[in-house]
2 protein chains.
Amino acid sequence: MYFNLSRSFVIKGHICHTPEAGRLEIRENAFAVCEEGICRGIFDEFPERFRNLEMIDCSGELILPGMTDLHIHAPQFAYRGTGMDYELLDWLDQVAFPEESRYADTAYAEAAYRIFARKMKQSATTRAVIFGTIHTESTLILMNKMEETGLVSFVGKVSMDRNSPPELTEQNAREAAKEERRFITESIKAGYRRTKPVVTPRFVPSCTQELMAELGKIRREYGLPVQSHLSENPGEIELVAELEPEAAFYGDAYDRYGLFGRDGNTVMAHCVYSSPEEIQRIKANGVWVAHCPSSNMNIASGIAPVRRYLEQGIRIGLGTDVAGGTSESMFRAVTDAIQVSKLYWRLVDRTAKPLTFPESFYLATKGGGAFFGKAGSFEEGYAFDAVVLDDSVEPSARPLPVRDRLERAFYLQLDRQGITMKIADGQIII
Amino acid sequence: MYFNLSRSFVIKGHICHTPEAGRLEIRENAFAVCEEGICRGIFDEFPERFRNLEMIDCSGELILPGMTDLHIHAPQFAYRGTGMDYELLDWLDQVAFPEESRYADTAYAEAAYRIFARKMKQSATTRAVIFGTIHTESTLILMNKMEETGLVSFVGKVSMDRNSPPELTEQNAREAAKEERRFITESIKAGYRRTKPVVTPRFVPSCTQELMAELGKIRREYGLPVQSHLSENPGEIELVAELEPEAAFYGDAYDRYGLFGRDGNTVMAHCVYSSPEEIQRIKANGVWVAHCPSSNMNIASGIAPVRRYLEQGIRIGLGTDVAGGTSESMFRAVTDAIQVSKLYWRLVDRTAKPLTFPESFYLATKGGGAFFGKAGSFEEGYAFDAVVLDDSVEPSARPLPVRDRLERAFYLQLDRQGITMKIADGQIII
């Protein structure tokens, strides 16, 4: 439904983006140019050399880069906001696993993923890295639904062959690898333009070394990215140390099998308790950290030291982590990240300055967008992803400066009511 | 607009309330009876003795007690969600005080309070304790607007005569007291049924002892409640210790002038850093604590030890504290309170169990409602405040138990789209 456009246009409005972490650039009633899906820059005057392009006039509205959600579980969407009185490992047993088991039933997957995809489409997210379940057919249904939304996404069939309920445990590493290959082959065969597979070991506690080794081979063979979880919770880290005594640290248990950056993109969710060695390896290998502040609170994990990651130049973006997080709203993730960083500063480390709004905005756009290449900014040469917001849905007693309107739009979560247009990779999808 | 009803009816639906902290009672498709504004209890079968009353059928929808917001600043509503990169004292100077100064202009107050009142009306809040500004006329406009909403509220003209910008500093204690008396007299003269004045020293740093003494006299004379701020931030507490060396602790600076509970209702916002002596006095004097989790995060104050307050039987409820908090949503306050309590447990004190959903729900309803007397519960004899929610606005792939629907409604903030009816003190106001 989004193939009917040239992916070339000029759009006018208050253009807001962060070319660097913390540097918010606002260009009031300026013109951004998209040519065949690629941004050609921002211009204060109408750029005459693009006069043949369609002109989209959103004067007075806010135009932001689309948001990248680096970590979200599609099958958990159905029960988001329930069972929140549990901690991580109990929550998995009592809430997450029973629900994920339902996706053995493709009819359920069809119904549930339809809702998920619709909400993703309505959100401010233009790119996402998504967990499915172990079920190949259902995860293919998820890919199909995501492709229909027009978002750009990586979708993973989850691999897990130990320490999980029987109905969510694959028979053995060989069978799991076979199924992963089938998933990849089928998803490539489907010819999706915007939806690609991603290798997805759930996390170390639920993957044997044999399975890890197989997944490492598959990743290299198909040149795919990797997504998983890392150092979210102290109990989980202890468990990994017991299960994998040969690994130097949690992340090393991925790295030993080629599932931790280096020659391929990897995103690891959480990294709340990464040791100095692990942080060093994350940095050296170019692994992305998906910071998930809502989930950090809901599952009582703690708070990831985002300021340190920024200072050290580690690749980092934000994830909603539904259903550890309760909302798919990346606007909410941006303000949650600021809020928890303030508590981190106050309660944990007074030398770790809280995130500012422009810094958190950066994480949600260019920071996470980098996982997809050049995305999340209106700089020349970037993929054109944008969200247009009419923030007058929340009236104001006096005219607010654009800078305040932007910040307010995030704190009031105007991505729920205020989006008037959404553009992903040059295509208008709302 | 709400006087055309008998304030007597039977309402049917999934009735959810917490007669005690942490004990959630759910009565599916049961009948709650309101007779002349007072709850006559919940019945599983239609209660024949009330067959003459109007029947309101909300079968399948969720019926909750109305929420009580124990702390909100009406004049700060206009800039909520902006300037959030400041800490408390800077934020007051840079953001809060300049905006509050605008309320010298009654035309501005008229426009801004119209928006505030409309949002309060649309919210799940049925009762609120509200700060105005030092401006008598504008605060009377606020009262008028609140009365029109049908909510039950206390509204305070703020008193402040030191350490504030000149345009927000009253001339001296005598003049401030005179103005406070005029405010009270005028607001009583207006004959509001649901909107009453509350004595409102802003906080110790901005009130001289002379002013405190005058306000203490006024409180007794008119039998009014008191609202103020207490022990929010370490810097603020140091300042109070310097300014009031004779006070044994921050709260004592109120208590010495009869502004700290005892023979009248007092609510103190925050209490993040209350000392053991202060906590003891809060308890002994029956002072209410307004816990404001969103504000605790945004202004980087820290986290109030709510578990301790509950254990000690201290009176406590929730406040949104707009614009330290960014949203007037009490649903958001309920989940924020749970989230920060989880971080408190994880980062500050592993013996302070996180709040559960039923506990936080209780704080928002019966906990804070007690400031108004018997409110916030469907027990017999309680004022009938209710919110009816159609949570199907967020579709689900499978039928959810009512318990899950309730929790989900809070985490997804369905007070923004899902309210189909609101009843305050027996009157249907939405």
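Student: How much area do chain A and chain B bury between them?
Tutor: In this predicted model, the contact draws on 57 residues from chain A and 57 residues from chain B. Carbon and sulfur atoms account for 50% of the area buried between the two chains. In chain A, the residues that lose the most area to chain B are A:Arg346, A:Arg398 and A:Arg416, together 13% of what that side buries. The area that chain A and chain B bury between them is about 4800 Å².

Student: Which helix gives the largest share of the side of chain A that touches chain B?
Tutor: Between chain A and chain B there are 30 residue pairs in polar contact, and the interface also holds 10 salt bridges, including one in which the side chains of A:Arg332 and B:Asp336 meet at 3.9 Å, N to O. Helices H2, H9, H11, H12 and H13 of chain A each supply at least two residues of the side that touches chain B. The largest share, nine residues, comes from H11(A).

Student: How many salt bridges are there between domain 1 of chain A and domain 2 of chain A?
Tutor: Chain A is divided into domain 1, made of 9–65 + 378–428, and domain 2, which covers 67–372. One salt bridge joins the side chains of A:Arg127 and A:Asp425 at 3.6 Å, N to O; with A:Arg127 falling in domain 2 and A:Asp425 in domain 1, this pair spans the two domains. The count of salt bridges between domain 1 of chain A and domain 2 of chain A is three.

Student: What area is buried between domain 1 of chain A and domain 2 of chain A?
Tutor: The centres of the two domains, taken over C-alpha atoms, are separated by 29 Å, and 32 residues of domain 1 are in contact with 29 residues of domain 2. Within domain 1, A:Phe410, A:Tyr411 and A:Lys422 lose the most area to domain 2, together 28% of what that side buries. Carbon and sulfur atoms give 64% of the buried area, which in total is about 2400 Å².

Student: Is A:Ser187 buried or exposed?
Tutor: A:Ser187 lies in helix H4 of chain A, residues 173–189, and its side chain reaches the backbone oxygen of A:Ile184 at 2.9 Å. Leaving aside residues up to four places away in sequence, A:Ser187 touches A:Leu140, A:Met143, A:Tyr192 and A:Pro197. Because its relative accessible area is 2%, under the 20% cut-off, A:Ser187 is classed as buried.

Key. Residues are numbered from 1 along each chain as its sequence is written. Chains are lettered from A and ligands numbered from 1 in the order in which they are written. This is a predicted model: local features need pLDDT of at least 70, side-chain atom pairs count only at pLDDT 80 or more; totals for chains, interfaces and linings use all residues. Side-chain values use heavy atoms; hydrogens and water are left out. Helices (H or I, at least four residues) and strands (E, at least two) are DSSP runs, numbered from the N terminus. Buried means under 20% relative accessible area, exposed over 50%, partly exposed in between (1.4 Å probe, protein chains only). A polar contact is a pair of N or O atoms within 3.5 Å; within protein, one must be able to donate a hydrogen and the other to accept it, and residues adjacent in sequence count only if both atoms are side-chain atoms. Contact means heavy atoms within 4.5 Å. Domain bounds come from an automatic or database domain assignment. Buried area is the accessible area (1.4 Å probe) that two parts lose on being put together, summed over both. A salt bridge is a side-chain nitrogen of Lys or Arg within 4 Å of a carboxyl oxygen of Asp or Glu.
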